[in-house]
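Dear colleague,

Please find below the structure for your review. My notes on it come directly after.

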Amino acid sequence: MSFKGSTRQDAKRLTLLLLFAPFTLWILLLVVLPHIGMVVLSLREKVAPRIYEFGFGNYIDFIQEPIYWNTLLRTGGMSLLVTVLALLIGFPVAYYIAKLAGNRSKGALFILCLIPLWVSDLIRAFGWILLLRESGIVSTTLQKVGLADGPVELLYNDATVIVGLVYTVILFMIVPLVSTLDGMDNEMIEAGYNLGGNSFTVMRRIVIPYAMPGIVAGCIVVFMLTAGSYLTPILLGGKNSSWFTEQIYDQFIRRYNWESGAAFGFLLLAFTSLVIWIGLKLSGQTLSSTVAKS
Amino acid sequence: MTMKTVLPTVLLGVGLTCSGASSAETLRLLTWGNYAPDNVIDMFEAANPDIDVEVTLSNNEEMIAKLRATGGSGFDLAQPSHDRIYAAQLEYELYKPLDLSKIDTSTMTPSLLTGVQENTTIDGEVYAVPHLWGTSGLMANKTEAPDLTGWGDLCDPKYKGKTSMRLTRTILLGTAFDMGEDPFAAYADLDEYQAILDKVADKLIACKENIKAYWQGGDDLSAMMLSGEIVASETWDSTAYKLYGENENIVFVPPATGALAWIDTFALPRKGKADEAAYKWINFVSQPEIVTLLSASSGAIAAVNGAMDLLPPDKKAAVNAAFTDDDVANLKFFANIPPGVEDMEGKTLEKIKAATGG
């Protein structure tokens, strides 16, 4: 190896190192380290004021208390429902933007989808509250038109939470779908029709398989965001709707029980990862063949 | 400008800002919304030109969480309620003892001062003095719910779907009193307290049917009450006073078993760096003219002598509409929370929230 060659290689290595440094630091400092801290914290058991012991007590508490795992399952179930709804509503929208809309209107439609994201979650939730409350806009309109006799309460139930969540996260479904569908050659669809397929078979055999990376990516993002959301379920939810993030907040803040809060946080992470793993297995996909591709 | 001239200029600028910052002391307050209004801060900074006041707004639970996360640093003066000092100090060592010689305690209401001191004395050291106090109780729209007198009336089927409460320890304690128990006395025997909590939980779960929604903060409670969506609710007195200003039919109702009284205090975080400035602030806000301003912004009553007379006119009218002398004598001050009780109460609240009924 000549001297020149090795400096070039060193320079290359250095560039690579520098390029990766911010990413590595970010992952290490903001993701890995805090999580290690959480695991350590969650394995501490409080035996007396200022005295802690190592143990799995916080996890055992979780298993023994049906309220906790019921809330976790409920959060998981509702998040899945939100994901499915977001996919069902988002796919046609994304298909229209990517395939049917003209070049000029494409950008405009995309911006229209993005605009709600410029407003914070909190403000959007308050928007729903103003619309749906008993003395709100929808209720008064219904009464004026004569469709309802008295005030209608549309707030404070699970359906409202679902609607609010779908509204908040649907964009994260549409964006990856649009970008995958955009890359699809229109001739593939034409070929499908030419070979005698109807709209349904073309959709099922050509479009959806092609869009699979986008679908999987969108579903993962949406599911994670929903399961980890805090504001929307709290503000729109009713007197029976507990959300798991609320439990974590309560443990940390109201009950001063950081140890069990950390255990809950870790359990939420493990649970959502497990659901995604099961989802990938059931649909026969892998992360490398879908997300990495899109 | 070349690089050579830019650098010294920048350095000079940095030097100037640093020296500017070091001559002025910063007082970092950790307090409740409306407890340090801008007009009071301006007056304080005018009187003490060398002190800058920085305010962080919070509530009891978050104050303790913040101080716990930093081991008691990051703030110079905190204002937790009197029942949140003893256990927090024992468990997490968040505060440092007060030097009472630096505080003008002669103007403070003697009963509140001794009450707070008794509650917050550990190993002979006092950790807090009182600042503002107020109560939690009920609020009712007189035209729709004239007969509401006790905590339990929120569960009266007459008002089905038209009452609200906040799911916190206040409603647990209030309901316990309403059922003829004395939860504060039971703090001494946690098994007995658990038995009371279980009874309270059953009652509140059965009550869920009656509740429209659990409120989360003063704003959503106000909106529900003013729009007439609910006719009665558990509330902070200050929220009720505020609504009284907008609709005279909405009054604060001290429950028959006694309104629950809290005292927000002054306590020094363990690693606070501006104790002198903190003492100055404590003495400054205890002056009569400042007390009126604070009561106007917060709706709470100061723990100084003659505080009732120092209330601004609108708040005085609201308090008079709500409290008789008997009600004041009947106040139940929150007792010190022993270690472990928060966990028991937290579990009970979770049970109520998760129960499906109504």
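This is a predicted model: local features need pLDDT of at least 70, side-chain atom pairs count only at pLDDT 80 or more; totals for chains, interfaces and linings use all residues.

Residues are numbered from 1 along each chain as its sequence is written, and chains are lettered from A and ligands numbered from 1 in the order in which they are written.

**Contact between the chains**

Chain A places 20 residues in contact with 22 residues of chain B; two residues are in contact if their C-beta atoms, placed from the backbone, lie within 7 Å. On the chain A side, two or more residues come from each of α3 (66-100) and α11 (244-254). Helices (H or I, at least four residues) and strands (E, at least two) are DSSP runs, numbered from the N terminus. The most is given by α11(A), with four residues. By type, this side of chain A holds seven nonpolar, seven polar and six charged residues. Here Ala, Val, Leu, Ile, Met, Phe, Trp, Tyr, Cys and Pro count as nonpolar, Asp, Glu, Lys and Arg as charged, and the others, Gly among them, as polar.

**Domains of chain B**

Chain B is divided into domain 1 (25-133 + 262-322) and domain 2 (136-260 + 332-354), with bounds from an automatic or database domain assignment. Their C-alpha centres lie 26 Å apart. The contact between them takes 18 residues from domain 1 of chain B and 16 residues from domain 2 of chain B. On the domain 1 side, α13(B) supplies the largest share, five residues.

**Nonpolar cores**

A nonpolar core is a set of buried Ala, Val, Leu, Ile, Met, Phe, Trp, Tyr and Cys residues joined through C-beta atoms within 7 Å. A residue is buried if 20 or more other C-beta atoms lie within 10 Å of its own, exposed if 12 or fewer, and partly exposed in between, with C-beta atoms placed from the backbone. The largest core has 126 residues, and A:Val169, B:Trp133 and B:Met139 are among those that touch the most other members. Helix α7 (residues 158-182) of chain A gives the most to this core, with 11 residues. Domain 1 and domain 2 of chain B each contribute at least three residues to this core. Apart from it lies another core of 11 residues, including A:Leu72 and A:Trp243.

**Strand β10 of chain B**

Strand β10 (residues 232-236) of chain B is largely enclosed by the rest of the structure, because five of its five residues are buried. On one face are B:Ala232, B:Glu234 and B:Trp236, and on the other B:Ser233 and B:Thr235. Strand β7 (residues 129-141) of chain B runs antiparallel to β10(B), joined by five bridges; two strands pair if DSSP finds at least two bridges between them. B:Leu138 has B:Glu234 as its bridge partner. With strand β8 (residues 163-165) of chain B, β10(B) pairs in the parallel sense over two bridges, and B:Thr163 stands opposite B:Ala232.

**Two single residues**

A:Glu246, in helix α11 of chain A, is partly exposed because 18 other C-beta atoms lie within 10 Å. Beyond its neighbours within four places in sequence, A:Glu246 is in contact with A:Tyr230 and A:Ile234. A:Phe126 is found in helix α5 (residues 121-132) of chain A and counts as partly exposed, with 17 C-beta neighbours inside 10 Å.

Yours sincerely
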